[in-house]
Amino acid sequence: MNDNNQNDIENIELEKKNLVFILEIAKSYSISTTKLKKMEIIEKIKTVAKRKREYEEEQKQKANVIHSIKLLN
């Protein structure tokens, strides 16, 4: 998923979406949905989306630091 889709996942009200839509999102994040209720799937999606966003932000910060160091040399 690209950045815009990921931000959308965190901002939309998944609780109001149908189960098929939620299952498609879960599949795109490689989340196993076996024996999970709708709300449990939604929580997993939100958790994974948040972790992914945080990781990507961290990687961007690291890249900026490395770039700054290279500029100083």
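Modeller: Let's start with Lys35, which lies in the loop between H2 and H3. Keep in mind that this is a predicted model.

Biologist: What about Ser30: where is it found?
Modeller: Ser30 is in the loop between H2 and helix H3, which spans 38–72. Its phi is near 60°, again positive in a residue that isn't glycine.

Biologist: How do you know whether Ser30 is buried or exposed?
Modeller: Check the number: Ser30 has a relative accessible area of 68%. The cut-off for exposed is over 50%, so Ser30 is exposed.

Biologist: Now Leu14. Why is Leu14 called buried?
Modeller: Because its relative accessible area is 0%, and buried means under 20%. Leu14 sits in the loop between helix H1 (3–11) and helix H2 (19–28).

Biologist: Which residues does Leu14 touch, not counting residues up to four places away in sequence?
Modeller: Ile9, Phe21, Ile22, Ile25, Lys38, Ile42, Ile45 and Lys46. To be a contact, heavy atoms must be within 4.5 Å. Take Ile42: Leu14 and Ile42 are 28 residues apart in sequence, yet 6.6 Å apart in space, C-alpha to C-alpha.

Biologist: What makes you say that Lys17 lies over the face of Phe21?
Modeller: Lys17 is at 5.7 Å from the ring centre of Phe21. The rule asks for NZ of Lys within 6 Å of the centre, and within 35 degrees of the ring normal.

Biologist: Zooming out, what order do the elements run in?
Modeller: From the N terminus on, it's α-α-α. The protein has three helices and zero strands.

Biologist: And how much of the protein counts as buried?
Modeller: Of its 73 residues, 16% do. The accessible surface comes to about 5,800 Å², with 52% of that belonging to carbon and sulfur atoms.

Conventions: Residues are numbered from 1 along each chain as its sequence is written. This is a predicted model: local features need pLDDT of at least 70, side-chain atom pairs count only at pLDDT 80 or more; totals for chains, interfaces and linings use all residues. Side-chain values use heavy atoms; hydrogens and water are left out. Helices (H or I, at least four residues) and strands (E, at least two) are DSSP runs, numbered from the N terminus. Buried means under 20% relative accessible area, exposed over 50%, partly exposed in between (1.4 Å probe, protein chains only). Accessible areas come from the Shrake-Rupley method with a 1.4 Å probe; for residues, only the protein chains shown count as cover.
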